Amino acid sequence: YVVPVLSPDCVARGHHRQDLRGENLNRVYRKATADAHPTIAAAIQACKAAHCRQGGLRLYLDLHAHSNRRGAFVLGSADALAGDHRAAARLYGYALGRRNGAFEYAQSDFDQTAPGTGKSFI
């Protein structure tokens, strides 16, 4: 599954993190419901379905972009992973940056943890 934007109606209005009620969608994964946060709930269900059908979730890539940073980047907690997994996550980011000019490896932060985010929940 590919989920390009979790809140396209708000992004069109210039609100890149929030839903129409002003709630930060990057922080509601632990409490998301289909009624209150339908796009987040759908993304969680897609990850669960992929996990069941494939024998495990193979890749969860949460790309970000900000007005004060160049290109797309990753904010993740890869540095909290065990050795090989940590190296694989950083290597994937590096390879992505080499293959895609819109992705900025140097802007990525592999040591960022935030409760309630997709990277900490999924």
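A salt bridge here is a side-chain nitrogen of Lys or Arg within 4 Å of a carboxyl oxygen of Asp or Glu. By that rule, the structure holds four salt bridges. Before I go through some of them, please keep in mind that this is a predicted model. The protein averages a pLDDT of 83, and 97% of the residues score at least 70. Confidence is highest in helix H2, residues 38-54, with a mean of 90, and lowest in helix H4, residues 118-121, with a mean of 71.

Now the salt bridges. Asp 19, Arg 21, Glu 23 and Lys 31 are linked in a network. Within it, Glu 23 pairs with Arg 21, and their closest N and O atoms are 3.8 Å apart. Glu 23 also meets Lys 31, at 3.1 Å from N to O. Arg 21 counts as exposed because its relative accessibility is 53%. Glu 23, at 23%, is partly exposed.

Another salt bridge joins Arg 70 and Glu 104, with 2.8 Å between the closest N and O atoms. This pair links distant parts of the chain: Arg 70 sits in the loop between S1 and strand S2, Glu 104 in the loop between H3 and H4, and 34 residues separate them. Are the two partners buried or exposed? Arg 70 is exposed, since its relative accessibility is 59%. Glu 104 has a relative accessible area of 15%, so Glu 104 is buried.

Glu 104 brings us to Ser 108. The backbone oxygen of Glu 104 lies 3.5 Å from a polar atom of the Ser 108 side chain. Ser 108 is in the loop between helix H3, residues 83-99, and H4. Its relative accessibility is 14%, and the limit for buried is under 20%, so Ser 108 counts as buried. What does Ser 108 touch, leaving aside neighbours within four places in sequence? The contacts are Phe 73, Val 74 and Phe 103.

Next, Leu 63, which is in strand S1. Leaving aside neighbours within four places in sequence, Leu 63 is in contact with Phe 73, Val 74, Leu 96 and Phe 103. Leu 63 still counts as partly exposed, because its relative accessibility is 44%. From Leu 63 to His 16 is 47 residues in sequence and 13 Å in space, C-alpha to C-alpha.

Last, the surface. Leu 63 belongs to a nonpolar patch with Leu 59, Leu 61 and Tyr 92, and together they have about 350 Å² of accessible area. Leu 61 lies in the loop between H2 and strand S1. Its relative accessibility is 35%, so Leu 61 counts as partly exposed.

Definitions and conventions:
Residues are numbered from 1 along each chain as its sequence is written. This is a predicted model: local features need pLDDT of at least 70, side-chain atom pairs count only at pLDDT 80 or more; totals for chains, interfaces and linings use all residues. Side-chain values use heavy atoms; hydrogens and water are left out. pLDDT is the predictor's confidence in each residue, from 0 to 100. Helices (H or I, at least four residues) and strands (E, at least two) are DSSP runs, numbered from the N terminus. Patches are made of residues with over 30% relative accessible area and no salt bridge: like charges are joined within 9 Å, nonpolar side chains (Val, Leu, Ile, Met, Phe, Trp, Tyr) within 5 Å. Accessible areas come from the Shrake-Rupley method with a 1.4 Å probe; for residues, only the protein chains shown count as cover. Buried means under 20% relative accessible area, exposed over 50%, partly exposed in between (1.4 Å probe, protein chains only). Contact means heavy atoms within 4.5 Å. A polar contact is a pair of N or O atoms within 3.5 Å; within protein, one must be able to donate a hydrogen and the other to accept it, and residues adjacent in sequence count only if both atoms are side-chain atoms.
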